[in-house]
Amino acid sequence: MLTTKQEKYVQGLVAGLSQRKAYIEAGYSTQGKSDDYIDQQASKLFANTKVLTRYNELIEEHKTKALWTREQAISDLIWLKEQSKQSIERDDEGYVRQGTSTAFVNTIQELNKLEGLYPSEKQEIELSGGVQFVDDI
């Protein structure tokens, strides 16, 4: 069983805070302490078996939730893509309606993003005068 401060510390870490920030926000005394001292204490706290065990439990819970959400998103996107494709091929007799084609293209783009086929949201384009960043190429 963790203390209240230890639980807050672990919750902060799982939420993405640094060890130092999680230590401070958990309510540990840091007034007049150097950053090095706080970092050492936060690191020592993270090495505590109970704290580390709780951290690993929460990370596993988040992995499971994230995996399910990703799988469900992919499944739904594939369903929408197939429905759009069927609508174009069968129902619209090959005529491509704007709404249907937009849905089809958007689902393909989202699936590619989920699968990591797009390197990043922002990409650099080299121009003669320097580098420009462009969103969603």
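Throughout this tour, a residue is called buried when its relative accessible area is under 20%, exposed when over 50%, and partly exposed in between, with a 1.4 Å probe and protein chains only. The model is predicted: local features need pLDDT of at least 70 and side-chain atom pairs count only at pLDDT 80 or more, whereas totals for chains, interfaces and linings use all residues. Residues are numbered from 1 along each chain as its sequence is written, and side-chain values use heavy atoms, with hydrogens and water left out.

**Stop 1: the whole chain**

Display the chain as a cartoon. It contains five helices and two strands, where helices (H or I, at least four residues) and strands (E, at least two) are DSSP runs numbered from the N terminus. In sequence order the pattern reads α-α-α-α-α-β-β. Of the 137 residues, 20% are buried. The accessible surface comes to about 10000 Å², and carbon and sulfur atoms hold 51% of that surface; such areas come from the Shrake-Rupley method with a 1.4 Å probe, and for residues only the protein chains shown count as cover. Among contacts (heavy atoms within 4.5 Å) with a separation of 6 or more, 41% involve residues 24 or more positions apart.

**Stop 2: colour by confidence**

Colour the chain by pLDDT, the predictor's confidence in each residue, from 0 to 100. The chain has a mean of 81, and 81% of its residues reach 70 or more. Which elements have the lowest and the highest mean pLDDT? Strand β1 (residues 122–127) has the lowest, 47, and helix α3 (residues 35–47) the highest, 96. Next select residues 121–128, where pLDDT stays under 50 and the model has 19 contacts beyond four places in sequence. Residues 131–137 also stay under 50, with 18 such contacts in the model.

**Stop 3: helix α1 and what follows**

Select α1, residues 4–14. Its buried residues include Q6, Y9, V10, G12 and L13. These residues lie on the same side of α1 because they cover an arc of only 160° around the axis, the arc being that of the directions from the helix axis to the C-beta atoms. After α1 comes G16, with a positive phi near 105°.

Move on to S18, in the loop between α1 and α2 (19–25). S18 is partly exposed, at a relative accessible area of 43%.

**Stop 4: the tyrosine cluster**

Show the side chains of Y9, Y23 and Y28, which ring pairs link into a cluster. Rings of Phe, Tyr and Trp (its six-membered ring) pair if their centres lie within 6.5 Å; planes under 30 degrees apart count as stacked, over 60 as edge-to-face and the rest as tilted. The whole structure has three aromatic pairs. One of them, Y9 with Y23, is edge-to-face, at 6.5 Å centre to centre and 85° between the planes. This pair links distant parts of the chain, since Y9 belongs to helix α1 and Y23 to helix α2, 14 residues apart.

Is Y9 buried or exposed? Y9 counts as buried because its relative accessibility is 0%. Y23 is buried as well, with a relative accessible area of 7%. The rings of Y23 and Y28 are stacked because their centres are 4.5 Å apart and their planes at 10°. Y28, like Y23, is buried.

**Stop 5: the loop at G27**

G27 is in the loop between α2 and α3. G27 is partly exposed, with a relative accessible area of 41%. Its C-alpha atom lies 8.3 Å from that of K8, 19 residues away along the chain.

**Stop 6**

Finish on helix α5 (residues 98–114), where T107 lies. T107 counts as buried at 1% relative accessibility. What does T107 contact, leaving aside its neighbours within four places in sequence? The partners are L77, L80 and K81.

T100 is in helix α5 too, and is buried with a relative accessible area of 15%. Beyond its neighbours within four places, T100 contacts S84, S87, I88 and D92. The C-alpha atoms of T100 and Q86 are separated by 9.8 Å, at 14 residues apart along the chain.
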